[in-house]
Amino acid sequence: MKLIRALVLLGWLLSVAVAHSADMLVQAAYITLSPEQVSIELDLTAGELVAKDFLGKLEVGQDQNISIQALAKTVLEKMQLTVNNQPVPLRLESEQIPEMTQIKLGGGQIQLVFVGTIKSSSQNQFVFKNNYAPVKSGYLANVFVQSSEVKIASQQRDQTQQTFEVNYEVAESALPRVFPWWLGLIAVFGVGLWFSRGRLEKKRNESGTPPRFARPLKEGF
Amino acid sequence: MKKRIWLASLALTGALLTAGISQIQAYSLASSVKAPADATTQKVVAAANAFLQTLSSTQKSKVLFEWSDAAQKTKWSNLPIGIFQRNGIKLGDMSSAQQTALFALLQAVFSKNGYQQITQVIDGDEVLKSTDGGGRLIFGKAEYYVSFLGTPSNTSPWILQFGGHHMALNATVAGADIVLTPSLTGGQPTTYTLNGKTVQPIIGESNAANKLMSSLSAAQQKQAIIGSKFIDLVLGPGQDGKTLQPEGIKGSSLSATQQELLLNLIETRVGMLNDEDAAVKMKEIKANIANTYFAWSGGVNDGAGAYFRVTAPTLVLEFSPQSMGGSASNHTHSMYRDPTNDYGVKLYK
């Protein structure tokens with residue numbers, strides 16, 4: 001009898017028209033690029049059938065509120081971002097948490113925004129991986145640009161959209177001006193030469209050797 | 001000395017007057033439209049005022065919001081009551097005369113097909129309520145809300161918001177122009193029987209998309225397909241101000257016939273709006289057809305349901321089947337946006 005009741009309830013829940021998949025946690029990543037910064041907005045929306053399990057896996061304080069720092073830490077441990085093969089350290093910049101009752105009903109959206117500093121060149125590739133899966137999850141990953149100086153060349157996702165690769169170009173005008181290394185080398189060499197010349201002159205003065213310009217001219221010259 | 005004081009006072013008065021005038025100009029410009037109201041807008045404004053006149057002062061205070069109310073502007077969703085609470089007044093709290101006046105307003109704003117789709121989605125929600133209603137989620141015909149941002153006017157911009165379960169329509173009226181972005185449509189069930197007739201509110205759109213997809217060669221389909229399964233809306237409620245990067249096959253890679261099929265698909269959504277304002281939008285879209293992309297995520301003709309997206313410089317359309325409600329094609333969400341003109345921002349200064 002209990003089994004029949006459970007099946008009827010499950011059937012009702014599956015057919016009920018909520019906004020998104022009832023049986024999964026939808027994780028939508030909105031990745032926004034600028035030449036120097038990346039921001040990842042991760043929207044977590046638990047469907048009604050998994051909301052209880054999802055909440056059970058979150059750290060909840062005595063005030064019955066979700067510990068956002070603990071959630072952000074867990075998500076960051078499962079999320080990876082590399083730009084040009086270099087891992088990008090991310091930090092939580094902002095968050096929005098709906099009321100607990102809304103999450104329990106299925107449809108309440110937790111929003112976490114992470115930011116990181118990146119070094120772009122004219123041709124770049126970023127790889128985003130989201131392996132956060134506290135319950136059955138469905139993933140979305142999309143890229144956005146903050147200025148016309150960044151152009152998306154191509155986008156590739158795996159079947160589940162947990163891995164997202166994007167090739168992008170940055171306009172030369174937006175790239176940081178790098179002082180050429182060889183100019184630096186010449187400058188160091190020049191300073192060194194000047195310094196050693198001064199020391200040489202001092203040594204000559206101490207030893208009594210007249211400076212080059214004070215030497216007598218050769219006879220007959 | 002006196003002369004200096006007099007000159008300083010004069011200069012100060014001048015500065016204050018200039019600042020004051022610019023403030024006044026800024027205030028008036030903030031709500032001025034770019035083109036004067038045409039016959040369509042005048043008809044819409046008259047219908048809106050006729051509806052407002054049927055309301056009591058208490059109802060009016062619930063339905064009218066300040067033009068500058070940014071929170072109310074973005075307070076829309078496809079979700080049912082219980083998860084999402086709309087503002088305004090709902091059909092269930094309106095008298096029959098008030099409902100008639102409201103539907104007359106919708107008929108003025110939307111095309112014949114658009115109005116039919118709206119009523120069919122509402123009827124569909126009532127069908128859903130009779131089969132799956134109850135519990136903590138509240139939906140059905142009585143739960144569709146109307147509200148206004150700003151006051152209906154021929155000279156100042158205002159927004160008509162109408163929505164409920166599976167529907168969020170935002171029509172910005174600004175002088176001669178009316179735009180429908182951002183708006184969410186959809187429905188469940190998408191096929192039902194009412195008074196002995198089969199009703200399919202979104203069949204035109206899904207047929208147009210399948211026709212376009214079937215017209216593509218294998219190589220073109222490869223370009224269009226971005227995933228093997230249908231996905232959720234990317235720019236649904238709460239995602240204002242984001243511009244999707246184009247993906248899929250580019251309009252310039254399509255034949256003239258295929259471009260026509262793409263335009264037909266776009267028109268099924270844009271054509272919800274009244275004929276005159278839809279024609280303005282379609283003209284803009286036709287001019288950009290070479291830079292319009294069509295993307296597809298899901299199987300082709302496998303009956304499992306597929307997501308599609310159209311991206312153009314001034315257009316984003318998304319269509320997303322949902323995994324609940326029997327077959328995926330029996331429950332869908334669609335989004336219509338203009339990344340340059342959501343809420344008609346281009347239409348007023």
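How many bridges join S9(A) to S10(A)? Let's find out with the model open.

Before you click, note that this is a predicted model, in which local features need pLDDT of at least 70, side-chain atom pairs count only at pLDDT 80 or more, and totals for chains, interfaces and linings use all residues. Residues are numbered from 1 along each chain as its sequence is written, while chains are lettered from A and ligands numbered from 1 in the order in which they are written.

**Stop 1: the sheet in chain A**

Select strands S9 and S10 of chain A: 7 bridges join them, and they run antiparallel. Strands (E, at least two residues) and helices (H or I, at least four) are DSSP runs, numbered from the N terminus, and two strands pair if DSSP finds at least two bridges between them. Click Val150(A), and look in S10(A) for its bridge partner, Val170(A).

On to S3 (residues 79-83), joined to S7(A) by 5 antiparallel bridges; Leu81(A) is partnered by Phe128(A).

Now show the whole open sheet of 5 strands, in the order S4-S3-S7-S10-S9, with antiparallel pairing. Strands S4 (86-87) and S9 (150-157) stand at the edges with a single partner strand each, so one side of each is left without a neighbour in the sheet.

**Stop 2: the domains of chain A**

Colour residues 21-174 as domain 1 and 183-207 as domain 2; such bounds come from an automatic or database domain assignment. Their centres, taken over C-alpha atoms, are 56 Å apart.

**Stop 3: chain B**

Switch to chain B, where you will find 10 helices and 15 strands. Of its 349 residues, 47% are buried (20 or more other C-beta atoms within 10 Å of a residue's own, with C-beta atoms placed from the backbone).

Colour domain 1 (39-185) and domain 2 (194-347). The C-alpha centres of these two chain B domains lie 24 Å apart.

Note on methods: A residue is buried if 20 or more other C-beta atoms lie within 10 Å of its own, exposed if 12 or fewer, and partly exposed in between; C-beta atoms are placed from the backbone.
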